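Here's a quick briefing to read alongside the model. Have the viewer open and click through as you go.

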Amino acid sequence: MIATSLALAFSLSMDSFAAALGRGACSRRSGLPEAVRVGAAFGVCQFAMPLVGWGIGIAFASLVESVDHWIAFGLLLAVGGAMLRNAIMDGEDEGEEDCGPVRSVRAEWLALLTTAVATSIDAAAVGAGLALVDVDMVTTSALIGVVTFAVAFGGVLIGKAAGNHLGRWAEMAGGVVLIGLGAKILLEHTLG
């Protein structure tokens, strides 16, 4: 079960990694403080959102118990498919990175928080799906948060050095793994 939770954590962290690469490539700040700031914002949001989704899923679990595995599969397929679509669409626009205008400190924080929440909405959908299967949600969410912190932290540092071209491939890999996890849940409940 821990291997599945780790795979889920790495998959969900890939969109945060892609965003962190972009922030690192465009950051006017450099080094460890910026990487910690970005990692913490993404990690906290990715920790909290699956719990929110899980809570909503638990509230409706008794209504959908007979088809719960199909719902979990559908949610993971939708999130994974969206990640694949976004990665492919972003790949069509490769070229010079547009870092946008210089922002105030307050605007920087707002942009970071908005990005962190936006990249963790898929984690809420996954959390809702996980409410329908037997999983230790606190441990899974903690793992998602810690892995996302580490991945975003590294993404900022790598982005500073290499730009954000790796983000597209990371998001594609995350999408494939989420679809695979959904298929695994579906197969376990329909065949076993």
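Predicted model: local features only at pLDDT ≥ 70, side-chain atom pairs only at ≥ 80, totals over all residues.

A residue counts as buried when its relative accessible area is under 20%, as exposed when over 50%, and as partly exposed in between. Keep that cut-off handy, because phenylalanine 73, with a relative accessible area of 19%, lands in the buried class. In outline, the protein has 6 helices and 0 strands, and 46% of its 192 residues count as buried.

**Overall layout**

- Read from the N terminus, the elements go α-α-α-α-α-α.
- Take the contacts with a separation of 6 or more: 94% of them come from residues 24 or more positions apart.

**Nonpolar cores**

- The largest nonpolar core holds 25 residues, and Leu8, Leu12, Leu76, Val126, Leu130 and Leu178 have the most contacts inside it.
- At least two residues of this core come from each of helix H1 (2–26), helix H3 (68–91), helix H4 (105–130), helix H5 (137–162) and helix H6 (166–191).
- H1 is the top contributor to this core, giving 6 residues.
- There's a second, separate core too, with 11 residues, and Ala19, Ala35, Val38 and Ala116 are among them.

- Alanine 19 sits in helix H1 and is buried, because its relative accessible area of 19% falls under the 20% cut-off.
- Not counting residues up to four places away in sequence, alanine 19 touches Phe42, Thr115 and Thr119.
- Alanine 19 and alanine 152 are 133 residues apart along the chain, yet their C-alpha atoms are separated by 8.0 Å.
- Arginine 23 is also in helix H1, and at 13% relative accessibility it counts as buried.
- With neighbours within four places left aside, arginine 23 is in contact with Glu34, Arg37, Val38, Phe42, Glu108, Ala111 and Leu112.

**Rings and charges**

- The structure has 2 aromatic pairs.
- One of them joins tryptophan 70 and phenylalanine 73: the ring centres are 6.4 Å apart and the planes meet at 85°, so this pair is edge-to-face.
- Why are these two residues separated by about one helical turn? Tryptophan 70 and phenylalanine 73 are 3 residues apart in helix H3, so about one helical turn lies between them.
- Tryptophan 70 is partly exposed, with a relative accessible area of 47%, whereas phenylalanine 73 is buried at 19%.
- Elsewhere, arginine 37 has its charged end over the ring of tryptophan 109, 4.7 Å from the ring's centre.

**What the record says**

- UniProt, in an unreviewed entry, places the feature "transmembrane region" at residues 40–63, 70–89, 109–133 and 140–163.
- In the model, residues 40–63 are 100% helix and 0% strand, with the end C-alpha atoms 36 Å apart.
- Residues 109–133 come out at 88% helix and 0% strand, and the end C-alpha atoms of that span lie 36 Å apart.

Terms used
Residues numbered from 1 in each chain as written. Heavy atoms only, no water. Core = buried A, V, L, I, M, F, W, Y, C linked by side-chain atoms within 4.5 Å. Buried < 20%, exposed > 50% of the residue type's maximum accessible area, 1.4 Å probe, protein only. Helix = DSSP H or I, 4+ residues; strand = E, 2+ residues; numbered from the N terminus. UniProt positions renumbered as here; feature names shortened; annotations may be inferred. Phe/Tyr/Trp six-rings, centres within 6.5 Å; stacked < 30°, edge-to-face > 60°. Lys NZ or Arg CZ within 6 Å of the ring centre and 35° of its normal. Contact = heavy atoms within 4.5 Å.
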